[in-house]
Amino acid sequence: MRYSKLFGKTKIDAPHDETSINARLLLRGGFIDKVAAGIYNLLPLGMRVFKKINRIIREEMDAVGGQELLMPSLHPIELWQKTGRDKTMDEILYKTRAGDKEFVLGPSHEETVTPLAAKFLRSYKDLPMCVYQIQTKFRNEPRAKSGLLRGREFGMKDMYSFHVSKKDLDEYYEKVKQAYLNVYHRCGLEAYVMSASGGPFSQELSHEFAIKTSAGEDTMIICKKCNLAQNLEIAEGKVTAPNEKEESEKPLKKVAAKRGPSIEEGVKLHKIPASKILKTVIYLVEDKGLMGISIRGDLTINESKVMRYFGKKIRPATPDELGKAKLAVGFISPVDNENIPFFADFSIKHLKNLCTGANEKHLDYLNANIGRDFIPKDFADFVEVKSGFECPKCGAELAEEKAIEAGNIFKLGTKYSEAFDLKFTDEAGREKYIIMGCYGIGNTRLMGTIAEASHDEKGIIWPKTVAPYNVHLVSIGASKDVIKTADELYKEMREAGIEVLYDDRDESPGKKFADADLIGIPLRIVVSARTLKEKSVEFKERRALKAELVALKSAVEKVLTEGRSPHTPFAAGEHRR
């Protein structure tokens, strides 16, 4: 492709409202064009990257027995009503009407693939089975930002598997987990597998594939020793015990407390460490009412764990709700309080002589003790893990890292099979529900993730496996010899099957080199009067600091022999360790 003929060119600046690295680089590089928040055009350069990502995904899904199909984006609302997700996912659903019929623009396809499977999967002989598609999804994302990382319309590969038993699903799930790692490896990324919440898809834990980058929206908890990776939402870790001497229980004492509602003000007033303060937060739990969660004052409550514990939606109680329950904001305590149930984090289970509010404004209790002064309904893990906690696997120190979620896999069980009466007949002639799994990779999101993870101050650095072209050929100067040589080299490389972007514009060397660095093709080849004096061309790898002269007659052969990517020495489906 001659750059002069390319649809979509580089820009000096990205739109002022785009702050993410991937959006700014992809917009400036001419890979995408913004239509609205979370909605982008893919330009020809972007489409070339997109197609190569999809090819890698297809090869790895095919290698684990996936069969590609294509399902509609428009779903009758009745399908979503069967699973109840018309309500549980209502906030992100785009809905439309055709006459008196209501439809959903699909954010995922469980409600479509399950009734489809019911038409073809009836016997144990039909199982296991796995189908996938690469298609456009729609989600009414309230935080449509971060370029391709969080869109309202986006590309996705979603795959669904069907099994006779949980054991069969478990075995296949591990195969797909490895296939996903293969995809990221081939795209030049190092992925961490993290346990995560199943969200609206499954009651079981799922797994996320996270790419460590400072621009990540998610927080990943990683063990510095054994490399265990966990999503912050469900991360477990041993809380370091306060460095205190063993003490006996002291008498409970109510004292005046002219302070504000924060833990810091309690520390200052009572001259005690935050770990000696009992922090209590009140939540409104769907269908259950107000519930109190108590934790050590120097720790934070993980609301995802609270929601998982109760199995219901939660939110912090409002001041009005607290007032009606006779709970004083900033002075709430489980001591002498039977207005609502209280639950406790494990972090306070063995602590003594805690400071807590006295359920009246400007009054505190000192020396509150579990068992004597209050008894929680239950102890559970409600703490938000952070750097410094101990690894639950090996005991080493945990650290927080920013990461981008690049894919998810879920064990769906029979949730959707039961909703759509998807059954099979086993060898004994008994009917059973088919057990399902689902597996998603956002392919447009993956493009954005690569840009976030692989760039420098000059622009994107595409891995060879997904780069839009193999070579960025640049001619410098208007000399007839330079133009003739560059044209001939361009033709020769194309005939050899090398993908070439040829910058044939009448622009300054600085402009051409800056654009080459911004676009990020792995190899730049320069033809100039200086190189021709040496009967050579200049080779420069995108990551390299220096260029080298290569004999003109050897240029094509060198590209062919050295152009093989370090990320593609494996066949699709081959395991990497």
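User: Before we start, what does buried mean here?
Analyst: Buried means under 20% relative accessible area. Exposed means over 50%. One caveat: this is a predicted model.

User: Fine. Take Tyr184. Buried or exposed?
Analyst: Tyr184 is buried, because its relative accessible area is 0%.

User: And Tyr180, buried or exposed?
Analyst: Tyr180 counts as buried too, at 0% relative accessibility.

User: Where do Tyr180 and Tyr184 sit in relation to one another?
Analyst: Both are in helix H6, residues 166-186. They are four residues apart, so about one helical turn separates them.

User: How many aromatic pairs are there overall?
Analyst: The count comes to 11 aromatic pairs.

User: What geometry do the rings of Tyr180 and Tyr184 have?
Analyst: Edge-to-face. Their centres are 6.3 Å apart and the planes stand at 80 degrees. The cut-off for that label is over 60 degrees.

User: Now Tyr490 and Tyr502. What class is that pair?
Analyst: Tilted, because the planes are at 40 degrees. The ring centres are 5.0 Å apart.

User: Which elements does that pair link?
Analyst: Tyr490 is in helix H12, residues 480-495. Tyr502 is in strand E28, residues 500-503.

User: Which residues form an aromatic cluster?
Analyst: Tyr309, Phe310, Phe343 and Phe382 form one.

User: What about charges over rings? Which ring does Lys411 sit over?
Analyst: The charged end of Lys411 sits over the ring of Tyr173, 4.7 Å from the ring centre. Another case is Lys9, whose charged end is over the ring of Tyr3 at 5.6 Å from its centre.

User: Switching to backbone. Which peptide bond is cis?
Analyst: The bond from Leu127 to Pro128 is cis, with omega near 0 degrees. Pro128 lies in the loop between helix H5 (110-118) and strand E7 (129-138).

User: Then which residue has a positive phi although it is not a glycine?
Analyst: Ser146 is one of them, with phi about 65 degrees. Ser146 is in the loop between E7 and strand E8 (153-163). Asp287 also has a positive phi, about 70 degrees. The loop holding Asp287 runs between strand E14 (278-285) and strand E15 (289-296).

User: Buried or exposed, those two?
Analyst: Ser146 is buried, because 15% relative accessible area falls under the 20% limit. Asp287 counts as exposed, because its relative accessibility is 67%.

User: Last topic, cavities. How many of 30 Å³ or more?
Analyst: One cavity of 30 Å³ or more. The largest cavity has a volume of about 60 Å³.

User: Which residues line the largest cavity?
Analyst: His472, Ala516, Asp517, Ile521, Arg524, Lys540, Glu541 and Arg542.

Terms used. Residues numbered from 1 in each chain as written. Predicted model: local features only at pLDDT ≥ 70, side-chain atom pairs only at ≥ 80, totals over all residues. Heavy atoms only, no water. 1 Å grid on protein atoms, 1.4 Å probe; cavity = no way out; pocket = protein on both sides within 12 Å on 5 of 7 lines; lining within 4 Å. Points joined across faces, edges and corners; volume = space filled by probe spheres on them. Helix = DSSP H or I, 4+ residues; strand = E, 2+ residues; numbered from the N terminus. Buried < 20%, exposed > 50% of the residue type's maximum accessible area, 1.4 Å probe, protein only. Phe/Tyr/Trp six-rings, centres within 6.5 Å; stacked < 30°, edge-to-face > 60°. Lys NZ or Arg CZ within 6 Å of the ring centre and 35° of its normal.
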